[in-house]
Structure formats: C-alpha cells, structure tokens
Amino acid sequence: LQNVRIDPSSISFSMWKDIPVPFYMSVYLFEVMNPKETLQGAKPVLNQRGPYVYREFRYKTNITFHDNDTVSFLEYRQLFFQPDMSNGTEEEYIIVPNILMMGAAVMMENLPNFVKLLLSGALAGLKQEAFMNRTVGEILWGYEDPLLDTINTIVPGLIPFKGKFGLFVELNNSNSGLFTVYTGMKNISRVHMVDSWNGLKKVNYWRSSECNMINGTAGEMWPPFMSPTSLEFYSPDACRSMTLVYEQSGKFEGVPTYRFVAPKTLFANGTDYPPNEGFCPCMQSGIQNVSTCRLKAPLFISHPHFYNADPALVDAVEGLHPSKDQHALFLDVHPMTGIPMNCSIKLQLNQYIKRVSGIIQTGKIKPVVLPLLWFAESGSIKGPVLKQFYTNLVLIPSLMDYLQYIFLGLSVPLVISAAVLMARSQGTAAEKSPRHPTMQSKPPPSSETTPLLHNTVTLSQDDAEA
C-alpha cells in the first residue's frame, strides 16, 4: 500500500511524476474525395489517411503537497513526429473542410442577413472556399489565416483567439490544467481521486449538475484493490467525466488485469439515455456536442468511424467502416495497484457543416456531421519497468503463496510424526506400570456417590472368608 501512494519515498512516485511508459499518438485524417459534388448536395466520400504517429512525452511540474492529503500539479505533454512509424509525412496535402470558415458560417446562421452577406463578401475577397487543400502539419499544428481577423472584425469575439489556427495547435507543449488529487497518505482508498481541476469542484459547461461533476481520477492511475465493475476519470479534452465498465479479466505479459471499455451509453443522446440529457442539445446517439467548451464551434466527439453510434451517422457519408477491434477504446489495469498496464484511448473529432443562407460559399451542402480526424493514444508498460512490476507484484507474491503451501505440506508429516511419537511414549509408560491391584490395596472409602463400587468390594471380602 505504501508503494501506490503519491509519496516521494514510494516506488511508484517517479512513475507518476515522469511517466516512463512510451506513449504514442496515432492520428488519422479523413480526406474529402468529392468536394465539388459535396458542395452541390452530394453525399461526402471520405478516404482515411495515415496514421501519422507522434511519440508523446508526459511530465509533471509545479508539484505542491497540501496539508489536506492532496497534491497539485500541472502535466505537460510534448509530441514528436515519428516518420518511420507513420504512413505518410506532415508535408502531404489533404482536402478537408475549411474548418474555420464552415464553423463561423454555422455559428452566424441566426444573425441578421446583412451580417452574413458582409461575411460572404469578405470571404470572396479572401478567396475562401468551403473546402481547402492543406498539409497534414498545417491542419494539425496550425497555419496563418487572415480570415481569423476578418471574422473578429465583422463579429467581435466570435472566435476569441489570435495567431495560428489548427486542430491540435494548443495540444503540443501545453498542460491539461491544474489538477489537485488525493495522495492516499491518510486514506488509501482515495489515492489519485480528483479533488479539483483548475480550482473547480465541478465545471459549468453542461446543463445538469450530474454532467458537470468532476469524478474519478485524472486518468493515469486508480485506487488499489479495484472491483470488476467500473472506473471513472475526468478528461479535460472531452470537458467531462467518463465512466468505463468492466469487460473481462486477463493478463498482460503475465500480470493479471481487468479490462475496462466504453459502454454504449457513453455518447448516447438524452432520449436513449436520460442521464446524458445534460450534455444536449443532442443529435443522434453516438456523438457528443462539445460546442459549449470549444468556443461554441459546431464540434462533436465520438468513437472512431462512429463506432457504437446511430447507423444514420455512418450512412450519411461514404468510406466509414466501424469495427470494435480497430475503433473501441480500452484500459487494462492491474486491479491490486490500480496501475494501467496497457491502454488505447480513441476519439474522433467531427464538424457539423451545412448550407447557410446568405453565405454563398456554403453552396448546397446538406446538413452532415463530417468526421475530420480520429486519434489513438496508446501505451503499455515494457522493459525494465515491466520486469520490476512483474517481480514485485506478481513473482514475489506468487512465491510467498507457494512457500505457504510448501510449509503447510511440510507441517503435516511433522504433526503426524509427533503424534506417533507421543502415542509410542504413552504405550511404553503403560507397560511399566502394574496391571492388577494387590490384596493389600485398601478398598476405597464408602461414599454416597460410589455405592456400586462399595458393594463390589464388600462382596469380594465375603467370598474370601468363605
């Protein structure tokens, strides 16, 4: 128990502080193969490109211990492209939706027509179209776009940020917010559980108190002695707490594990699963609207290829092939310590696009939730860390169990031998003692409690005199 607490003297502290597990983020982009036809109202045809693989390093800074059995920290991640593990380069060009323009169009849909016409004229001047041809590096890590300043000039504060625009522009060399978690020094059952995030006990993105709750851990480790039921963690990327459910027991490199997976209700809408009503406004089941925590942009998260989602989402485009083996997320956790041994967290980012009257660049695009990309963050304990883990938490306990049975096995013949020796010693003592009483032995004194014995002795004396 001492080794799973967040304590500088514990074995797991260095693992918690600077995660030694090699993590990789594999990114898959969806290329739109028929942009002109889609603009005229045809069904989008998608082609998955990638993976583009990045080595991910995570480390914690600003580690501060508090008197109430908690510790605060900032966790940073750095991503480095791995050409030898990737199917393509960051310099490849891919046709995708003009994310900034199409997002702004939907966000401005209910504004007065003259505002939308003003934006449409500005878009024409900047030669902006509904689809763009950009490199992988630009799509992920950002590019300079004069449209950003133009939009904020026409509608101040609509997109409140400056500089480069990219889907992962804020992911690299950034932290996931200030987490405060329990150390387990006073109560081991609370270790790694989140006390607050950015000073908040709950977020305010959603429409119900239950959906705004910050539950579980920060998603790295869990309290020991886990039960095969469920686990929870708060995800800043998804702006919510997530619950995974137990699927099966297994082993990873000889280490016993519990596998936890996403239930079908994770991204279900409020109609199919009422507790999720707070995440609405909803569309079909299988996607979650994250616009309230993403600058009100029409963005949705889901499982890759709309796995476990309403079939209508898959049918609205061509080129998706949802599969449990390829697209389901999982966590394999060592139940005794709460430490993940093997994991793969997979999410897809989607954008809602449609024709917006007054903005001619949106053409006749039919309303559709269009997949932009999906990614898998995967890692497993290997090498010396796995060897130490296996030795300390599997081999030694197993050896102790075997020794227990060996000692038990040895103790049985010893007990039997002792019993035989005791029986023999009692038999020898019995042989040395007289077997019959002598005539000189005195009769027992008369007693009210021994009448039969008294009568027997008296009868014997009468026989002797006769």
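Pro51 is found in strand 2 (residues 46-65), where helices (H or I, at least four residues) and strands (E, at least two) are DSSP runs numbered from the N terminus. The peptide bond that leads from Gly50 to Pro51 is cis, with omega near 10 degrees. The model is a predicted one, in which local features need pLDDT of at least 70 and side-chain atom pairs count only at pLDDT 80 or more, while totals for chains, interfaces and linings use all residues. Residues are numbered from 1 along each chain as its sequence is written, and side-chain values use heavy atoms, with hydrogens and water left out.

A cis peptide bond also joins Cys280 and Pro281, with omega about 20 degrees. Pro281 sits in the loop between strand 10 (255-261) and strand 11. Most peptide bonds are trans, and most residues other than glycine have a negative phi. Against that background, Cys239 shows a positive phi near 65 degrees; Cys239 belongs to the loop between strand 8 and strand 9 (240-252). At 1% relative accessibility, Cys239 counts as buried, a term that stands for under 20% relative accessible area, with exposed over 50% and partly exposed in between (1.4 Å probe, protein chains only). Phe306 likewise has a positive phi, about 55 degrees, and is placed in the loop between strand 12 (299-302) and helix 8 (311-315). Phe306 is buried too, because its relative accessibility is 1%.

The structure holds 4 cavities of 30 Å³ or more. On a 1 Å grid over the protein atoms alone, a cavity is a set of points where a 1.4 Å probe fits but cannot get out, whereas a pocket is an open set with protein on both sides within 12 Å along at least five of seven lines; lining residues have an atom within 4 Å of a point. Grid points are joined across faces, edges and corners, and a volume is the space filled by probe spheres set on the points.

The largest cavity contains about 690 Å³ of space. Its lining comprises 39 residues, and those closest to its centre are Phe23, Arg58, Ala218, Gly219 and Glu220. Strand 14 gives the most to this lining, 7 residues. By class, the lining has 26 nonpolar, 7 polar and 6 charged residues; here Ala, Val, Leu, Ile, Met, Phe, Trp, Tyr, Cys and Pro count as nonpolar, Asp, Glu, Lys and Arg as charged, and the others, Gly among them, as polar.

The second largest cavity has a volume of about 60 Å³. Of the 13 residues that line it, Ala268, Phe279, Cys282, Ile287 and Gln288 lie nearest its centre. Strand 11 (residues 287-289) supplies the largest share of this lining, 3 residues.

Turning to open space, the largest pocket holds about 1200 Å³. Leu167, Glu170, Cys293, Arg294 and Leu299 lie nearest its centre, out of 44 lining residues. Helix 3 provides the largest share of the lining, 5 residues, and the lining of this pocket divides into 30 nonpolar, 9 polar and 5 charged residues.

Helix 3 also has a part in the packing of helix 6: the buried residues of helix 6 pack against helix 3 (99-107) and helix 4 (113-125), with contact meaning heavy atoms within 4.5 Å. In helix 6 (residues 146-154), the buried residues are Leu147, Leu148, Thr150, Ile151 and Asn152.
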